[in-house]
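I opened this notebook to keep track of what I looked up in one protein structure. The entries follow the order in which I checked things.

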Amino acid sequence: MKKSILFLLLITLSVALFGQTNFYKIQKEFEKKYNEFKQNRTNSNQKFPGYKQYKRWEWYWESRVNKDGTFPKNNLILKEWKKEVAKPKQRSSSTTWESLGPNLEDSEFLIGIGRVNCVEFHPTNPDIMWAGTPAGGIWKTTNGGESWFALADDLPVLGVSSIAVNPNNPDIIYIATGDRDRAISLSSFGARLQGDTKSIGLLKSTNGGSTWTNILSAEQGEDVHLSEVLIDPSNSNRIVAATSSGIFVSTDAGSSWELPQLGDFIDIEFHPTNSSIIYAVTLGNYDPSESSQFFISSNSGVSFFQPSTFSGYSRIQIATSAANPNGIDLLCVDEFNEGLSTLKYSNDFGLNWGDYYTRSGNKNLLGWHADGSDDDGQGNYDLAFAINPENANDIFVGGINTWKSTNAGLEWHPSSMSMWSSSANY
């Protein structure tokens, strides 16, 4: 992530020098700087910081920019999709596809290919689940995961960051489109870290996913992301959505919306036993003065307030447990190296916080090494945090690897079958 940040700073400098965002000018400026680096380096093995990230970005955008090198508008795909669906259908309904791979059987190194953003369970049948992916759409299983089928393949985007299923009517489903983790190395530079899979807004289905309606459009801005959508467990008409524009709240199942809190929000959670209390956190910036912050609402989202001020965190994830309903835990990412900074705990709704596990002298739960000995990570890109609802001593942290504690965070052990760096001792 350090290299990614250096890469972004380099591109930002290029944009500032040329006074506009233009792919070909950025490309030319990068080649100039890279050639200067090669000429002046004293060691032939010395690597140019951010080179891999730049080449990934260059490959992605070279076939997508406009002819003059400007980046396409964020809502272009949605507009073209609307034109397409308005035309008489030309496709044959008998069209079939066959997967040509890669398959897990082809290589041991392909285990785990493809990223999943979210999983949602049916309210009464645990064999029915939905899964949302960054660029592969929304999938459903009715047999506990033995087989899956795709929903919403005809949508203009296939990114799904969050799924919410009505507990009283599972045919009513909400999905937050796009990729909340915003692959920064594939962003254009007219907007802040918009990533490769753009959002078209919050979609709703009332027939189990057969058709979808956009109930909160993302066309109102060029850099709008939807990170999470929740349904109030005590009132299924109250919908709360965390977005890069702020927190939206609907009291009529998405027919109308209020925006009680502005900000770039990445995570929201209900209090485990009192849904009038809502917790939320913002996404930090790569500027040290813009740390991720914690907010709370005590009136069902009518208003929010910030009870305390944090510094030094690029991203925060919330975890709660019904076994300890008034406790709030936060997983905090270090803004300088994207590894673990600290795990925080509050029992007074965020007025006061204590650190119960810090990186200093302990394992880096967000790093690559299986023994937690490294310092870096990519916590701004992949981050998960959960507490057992029946036992608050069981805590899970997910980053590059997955870790578990069974004694309230005092000790941590790998929780997944394989680790990124399996050769390290743990």
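**Entry 1: the whole chain**

I noted to begin with that this is a predicted model. I looked up the secondary structure and found four helices and 23 strands in the protein chain. I then checked burial: of the 426 residues in the chain, 50% are buried. The chain exposes about 21100 Å², and carbon and sulfur atoms supply 50% of that area. I also looked at contacts between residues at least 6 apart in sequence. Of these, 47% join residues at least 24 apart.

**Entry 2: helices H2 and H3**

I asked at what angle H2 and H3 pack. Helix H2 covers residues 23-40 and helix H3 covers residues 51-62. The angle between them is about 155 degrees, and their axes are 12 Å apart. Angles over 145 degrees count as roughly antiparallel, so H2 is roughly antiparallel to H3. I recorded the crossing of H2 and H3 as left-handed.

Next I listed the residues that make the contact. From H2 they are Phe23, Ile26, Gln27, Phe30, Glu31 and Tyr34. From H3 they are Tyr51, Tyr54, Lys55, Trp57, Glu58, Trp61 and Glu62. I sorted the residues of this contact by type and got eight nonpolar, one polar and four charged.

I moved on to strand S11, residues 246-250, where Phe248 lies. Is Phe248 buried or exposed? Its relative accessibility is 10%, and buried means under 20%, so Phe248 counts as buried. I also checked Phe248 against Leu259: the two are 11 residues apart in sequence, and their C-alpha atoms are 4.7 Å apart in space.

Ala253 sits in the loop between S11 and strand S12, which spans 258-262. I noted its phi, which is positive at about 60 degrees, although Ala253 is not a glycine. With a relative accessibility of 13%, Ala253 counts as buried.

**Entry 3: Phe349**

I looked up where Phe349 lies, and found it in the loop between strand S18 (340-346) and strand S19 (354-358). Phe349 has a positive phi near 60 degrees and is a residue other than glycine. How exposed is Phe349? Its relative accessible area is 31%. Partly exposed covers values between the 20% limit for buried and the 50% limit for exposed, so I wrote Phe349 down as partly exposed.

Methods:
Residues are numbered from 1 along each chain as its sequence is written. This is a predicted model: local features need pLDDT of at least 70, side-chain atom pairs count only at pLDDT 80 or more; totals for chains, interfaces and linings use all residues. Side-chain values use heavy atoms; hydrogens and water are left out. Helices (H or I, at least four residues) and strands (E, at least two) are DSSP runs, numbered from the N terminus. Buried means under 20% relative accessible area, exposed over 50%, partly exposed in between (1.4 Å probe, protein chains only). Contact means heavy atoms within 4.5 Å. Accessible areas come from the Shrake-Rupley method with a 1.4 Å probe; for residues, only the protein chains shown count as cover. Axes are lines fitted to C-alpha atoms, for helices over the stretch in contact, and angles run from 0 to 180 degrees between N-to-C directions. Angles under 35 degrees count as roughly parallel, over 145 as roughly antiparallel, 65 to 115 as roughly perpendicular and the rest as oblique. A crossing is left-handed if the near helix is turned anticlockwise from the far one by less than a right angle, and right-handed if clockwise. Ala, Val, Leu, Ile, Met, Phe, Trp, Tyr, Cys and Pro count as nonpolar, Asp, Glu, Lys and Arg as charged, and the others, Gly among them, as polar.
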